Number of protein chains: 2
Amino acid sequence: MSTLRKRFEQPALAALPKLTPQERALVQRELAEIAEGDYDGHQPLVEELRKLAAAVPERAYHDSAQVLLRMHEIAGSGNYQSCLSSLQLIRACFELDLIPEVGKAPAELIVGRGHIAPGFYAESYVRGSFPLAPLTTLHQGGLTGVIHRDLGFKNTMRYSLGVGVAQAVSLAMDLARRGDERKVVCLAGDGELQEGVTFECLRFAYEMGLSNLVLVVDANGCGIEPLRKPLNPNYLASFLPQVHQVDGQDAEAIQHALGALLHRPGSAALVCHTRKGEHSFKPANGAAKPANGNAKPTMPSFAGTSGRMLAAYQQRTGQELAVFTADMAARFGLRGHLPYDNTGLAETLSVGLTLLLPEDTLKVIATDAMYYMDSLSMVTEASTSVRNLLVLAGRSWGAWGGAHNATNLLGLLLGVRVYEPITPAEFNAVLDRLAAHPGTAHVASMVDASFTPPGIDCSSRLDGAVWMTPPATARPRAALVTFGYASVLVAEANRDVGLPHLHCAALDPELPPDTLAVLAGCRRIASVEYNGAQGGFGERLRAKYLLPLEVHGIRHDIANRVHARQLALHGMDPQTLRGLLTRLGSQEVDDVPAYA
Amino acid sequence: MSTLRKRFEQPALAALPKLTPQERALVQRELAEIAEGDYDGHQPLVEELRKLAAAVPERAYHDSAQVLLRMHEIAGSGNYQSCLSSLQLIRACFELDLIPEVGKAPAELIVGRGHIAPGFYAESYVRGSFPLAPLTTLHQGGLTGVIHRDLGFKNTMRYSLGVGVAQAVSLAMDLARRGDERKVVCLAGDGELQEGVTFECLRFAYEMGLSNLVLVVDANGCGIEPLRKPLNPNYLASFLPQVHQVDGQDAEAIQHALGALLHRPGSAALVCHTRKGEHSFKPANGAAKPANGNAKPTMPSFAGTSGRMLAAYQQRTGQELAVFTADMAARFGLRGHLPYDNTGLAETLSVGLTLLLPEDTLKVIATDAMYYMDSLSMVTEASTSVRNLLVLAGRSWGAWGGAHNATNLLGLLLGVRVYEPITPAEFNAVLDRLAAHPGTAHVASMVDASFTPPGIDCSSRLDGAVWMTPPATARPRAALVTFGYASVLVAEANRDVGLPHLHCAALDPELPPDTLAVLAGCRRIASVEYNGAQGGFGERLRAKYLLPLEVHGIRHDIANRVHARQLALHGMDPQTLRGLLTRLGSQEVDDVPAYA
């Protein structure tokens with residue numbers, strides 16, 4: 001089967017009911033063309049997409065803004081406003097032939113605004129070089145919204161904020177060394193330029209004397225939240241010899257200014273003043289749709305209740321709080337519940353600001369796997385020198401990406417205790433434990449999914465374990481041990497299976513002797529964690545207690561999918577879990593699978 | 001015993017032979033005073049030090065530059081030139097009463113240049129508020145060279161570069177909120193200001209409108225290596241309303257300028273132009289003394305041979321190399337062997353520059369635990385998207401500090417393979433393995449110690465294991481498994497003990513069935529790693545093979561000591577290891593210690 005068909009057919013078919021009659025007819029013609037035509041996957045994906053677009057040339061739309069809107073209406077989520085903010089820049093890039101169908105571009109384009117790929121697809125569509133069917137699969141397992149080499153970009157965006165500027169400088173250095181006189185155009189956001197590495201890049205390019213870097217900034221005054229102050233042009237001017245400003249909603253003006261910079265000698269910045277609406281897409285009916293794509297749009301994620309829970313704790317204890325976040329206030333539901341300082345997209349700083357506050361103040365850092373991975377040294381610094389430190393570590397399995405082992409990395413830092421609460425009582429227990437052990441940094445891994453908290457939890461034995469389904473006999477044949485959010489998923493799957501099921505809120509729990517005896521007596525035991533298996537919960541229990549646990553967790557990289565699709569990708573959907581539990585409890589199967 | 005006595009008596013006694021008669025007499029008087037006087041440790045350490053200085057008021061020197069020189073001559077190592085570069089700034093701070101003996105200072109002083117504590121002690125000494133004995137114990141287990149709250153500073157420096165600026169902004173925010181109108185003086189280096197987080201701090205302070213931050217820069221034009229270009233004053237001026245420059249070798253000029261800034265409203269930068277000699281202290285006889293303080297000063301550390309080994313590899317294979325380092329060229333012995341790009345003190349950038357180079361180029365990042373801890377997201381980015389990526393991960397157990405689990409953190413990154421070679425052949429095997437698996441990022445943990453490479457190594461079975469001392473029988477009673485550098489230390493300790501000893505170069509080795517059978521048959525097996533025990537080599541073997549290994553590794557934070565003292569602190573000295581091995585092999589002891 002061709003790559004095109006494998007990747008887009010199923011999600012495109014699933015999207016058909018959401019399409020207009022014209023869209024539907026065109027998508028069906030494209031799907032027929034894929035099935036019948038010569039799409040053997042031997043050409044790069046982007047070439048096959050172009051071929052398909054040429055084979056079904058009729059266009060449903062001629063304005064890429066309309067295409068963008070339809071893509072997000074069909075997807076029901078995404079970064080519509082980010083794409084819209086950059087759309088005139090994108091049009092200018094096409095006009096300047098920076099995304100050529102054949103041959104070398106007059107300059108290399110690096111797109112650092114990771115989530116604006118849909119804008120390029122929409123513009124390609126109206127220009128006849130991108131088909132319609134993939135556009136209907138955005139965020140639904142077909143097309144991702146993130147910049148990727150496979151889809152015609154020079155670079156791929158993945159984890160790190162500000163990586164686009166680093167990629168651009170890496171390429172600019174390489175071109176200069178090879179005598180290639182073309183420039184590198186780096187499309188960045190003003191939010192992204194708050195991240196420290198972008199400064200390192202601009203400073204280094206200046207000190208190296210690179211004369212082939214053109215930084216194009218979509219200055220919409222927003223990260224996820226509004227910026228505290230507009231991008232400082234004097235800062236750019238201190239490292240780049242030319243800084244120009246232009247109306248970013250005027251494609252012609254951008255094209256004119258950027259075109260001139262490509263021909264004029266020397267590096268430069270072009271600041272394009274744009275506008276951006278709310279960060280996440282909201283359907284026209286006005287109902288907020290959570291980014292995780294769960295079925296119940298009105299229920300906040302568990303992470304989203306952090307602000308409320310912290311405010312209740314403050315009321316209960318009267319403790320002074322200082323809350324810092326690198327643009328993640330919405331995610332943790334801080335606004336309206338607690339005062340906080342938004343450091344912008346500057347994670348290391350948000351950790352650093354806790355360093356010299358009064359000892360008794362509870363310092364809260366509300367952050368995200370993608371971010372704290374670049375500030376582990378500062379987290380270590382804080383965890384060893386700051387008292388009363390709480391890290392709210394957002395769990396990004398969803399469309400944001402993030403590294404699968406991020407929670408485990410935190411667990412390796414000196415003396416840090418890591419928990420993944422799944423009820424308000426467990427979250428409170430983390431806060432109470434921190435109050436009792438103010439010298440130990442506590443991490444609460446906060447789940448970005450909405451679910452009904454279970455009736456049983458570890459709040460009264462935070463470092464231990466609790467049976468969600470107790471064993472019916474003293475020596476059960478099989479048992480399950482689960483960590484944090486996986487306990488919710490497994491409890492659901494176990495409803496009809498009924499295996500003994502032990503829940504832990506601690507990444508590194510202490511199991512009491514009687515519980516250990518039950519586990520050690522089992523013929524088979526499995527651990528389940530929605531977490532990197534490597535160095536994680538299950539492997540720690542194996543190492544600590546030499547229990548022959550079969551570890552079920554995330555083995556591969558996290559792909560960019562909405563939450564429900566993430567579950568299936570990583571074997572955490574109810575069906576896969578039920579299969580795992582059934583096999584584990586089965587009397588027939590005696591061969592214990594090897595640890596892997 | 002008093003804290004003073006516990007901390008300084010032994011190392012001061014050990015230093016006596018290196019002292020002049022006058023110094024010796026004074027130190028002996030101070031030691032007598034400590035032994036007899038009222039130093040019960042109930043007062044803060046810094047107060048007891050002042051009391052001791054007052055009790056023995058005679059001064060051996062009246063010029064702190066002379067004191068600094070003597071401290072480093074006695075220590076034999078240290079950051080003499082860094083201290084000297086800042087000495088006039090330090091004098092100005094004393095003159096402005098920023099280090100008051102009693103009461104509040106007119107401004108809070110945060111010292112971000114982590115290694116210049118000796119300059120403050122030397123100046124305190126000539127001013128009569130610091131005793132002589134502790135000065136003779138620098139880097140020898142008594143006095144550390146790093147800024148620490150216990151020794152009279154407002155802040156403690158530990159892991160993170162640029163942390164001082166973050167501490168200063170944290171404190172400035174807090175003072176402003178509390179209505180304390182004093183300013184915060186942050187003493188930073190121009191090298192340190194290359195680190196991204198310092199930009200995040202200055203940008204944030206500007207956006208917050210903080211008007212109480214005075215950044216004093218020791219601009220000596222050097223990080224560890226010379227800076228590519230001098231500090232850019234326009235950059236500072238884009239975030240701070242006043243930028244002044246002054247001759248940093250003129251204490252009076254500094255005092256005058258800084259004093260004025262403390263009284264004038266608003267934040268400011270004061271750039272002090274200074275001079276710095278070579279980064280590490282060299283005794284007057286001209287012989288280079290390695291930072292790790294080993295006995296053989298002429299032998300480079302194993303890490304220091306990286307440049308030579310890489311050059312040999314390039315000659316052998318003809319492969320194109322691109323080498324990046326954040327100021328660590330000397331440590332890896334790059335100069336004279338290979339071209340490289342020094343990114344300055346900007347680790348994330350050094351990783352980022354590998355992102356868009358040609359696939360076939362071997363990209364080498366030569367870095368340090370302290371640095372890559374702040375760029376793990378970028379390392380993840382690179383490890384998942386860059387082909388032919390080699391990370392030389394410097395192992396900092398020595399005077400540099402660094403986090404004890406840093407190697408284990410790398411081992412948790414997606415798909416990364418981690419090795420700790422101890423022979424050139426093992427290092428070559430890592431390079432060959434990378435050439436065979438260019439899609440997998442390889443990490444070579446490079447040992448910062450000089451030792452004679454053992455005659456037996458894992459070069460022909462890099463992912464496996466090799467017996468350094470084979471078992472004499474098919475079923476030995478006890479055995480040892482060791483990782484990387486620990487194999488060298490254990491081989492030495494095992495010479496008289498003769499236990500079966502298995503060596504691994506891989507952090508996560510695959511043990512062959514016959515070897516596993518031998519280990520599983522032992523009554524006791526221990527693993528030894530000069531590495532964080534948590535999540536490390538031994539725990540991985542326990543988790544992977546359910547072997548009841550007793551894990552011997554580093555449990556606590558790394559203190560700032562020279563290498564030889566580090567060994568003893570972490571139970572890795574020959575004597576401790578010999579004890580461990582003897583107990584393990586003993587017929588009498590049957591109780592297996594619990595895993596811990």
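Student: Before we look at the sheet, what counts as two strands pairing?
Tutor: Two strands pair if DSSP finds at least two bridges between them. Strands here are DSSP runs (E, at least two residues) and helices are runs of H or I with at least four residues, numbered from the N terminus. The model is predicted, so local features need pLDDT of at least 70 and side-chain atom pairs count only at pLDDT 80 or more, while totals for chains, interfaces and linings use all residues. Residues are numbered from 1 along each chain as its sequence is written, chains are lettered from A in the order in which they are written, and side-chain values use heavy atoms, without hydrogens and water.

Student: In what sense do S8 and S9 of chain B pair?
Tutor: Strand S8 (residues 362-368) and strand S9 (residues 389-395) of chain B pair in the parallel sense, over 6 bridges. In S9(B), B:Leu389 is the bridge partner of B:Lys363.

Student: And what is the strand order of the sheet in chain B?
Tutor: It is an open sheet of 6 strands with parallel pairing, in the order S7-S6-S8-S9-S11-S10. Strand S7 (341-342) and strand S10 (417-419) of chain B each have a single partner strand, so one side of each has no neighbour in the sheet.

Student: Changing topic: how many residues does each chain give to the contact?
Tutor: Chain A and chain B each give 88 residues, contact meaning heavy atoms within 4.5 Å. The area buried between them is about 7400 Å², with 60% from carbon and sulfur atoms; buried area is the accessible area (1.4 Å probe) that two parts lose on being put together, summed over both. A:Glu200, A:Leu356 and A:Leu412 supply 10% of the area that chain A buries against chain B, more than any other three residues.

Student: How many salt bridges are there between chain A and chain B?
Tutor: The count is 4, a salt bridge being a side-chain nitrogen of Lys or Arg within 4 Å of a carboxyl oxygen of Asp or Glu. A:Arg177 and B:Asp341 meet in a salt bridge, at 2.9 Å from N to O.

Student: How many are there over all chains?
Tutor: The count comes to 56 salt bridges. One of these joins A:Lys154 and A:Glu108, with the closest N and O atoms 3.7 Å apart. A:Lys154 lies in the loop between helix H6 (117-126) and H7 of chain A, and A:Glu108 in strand S1 (residues 107-111), so the pair ties together parts that are 46 residues apart in sequence.
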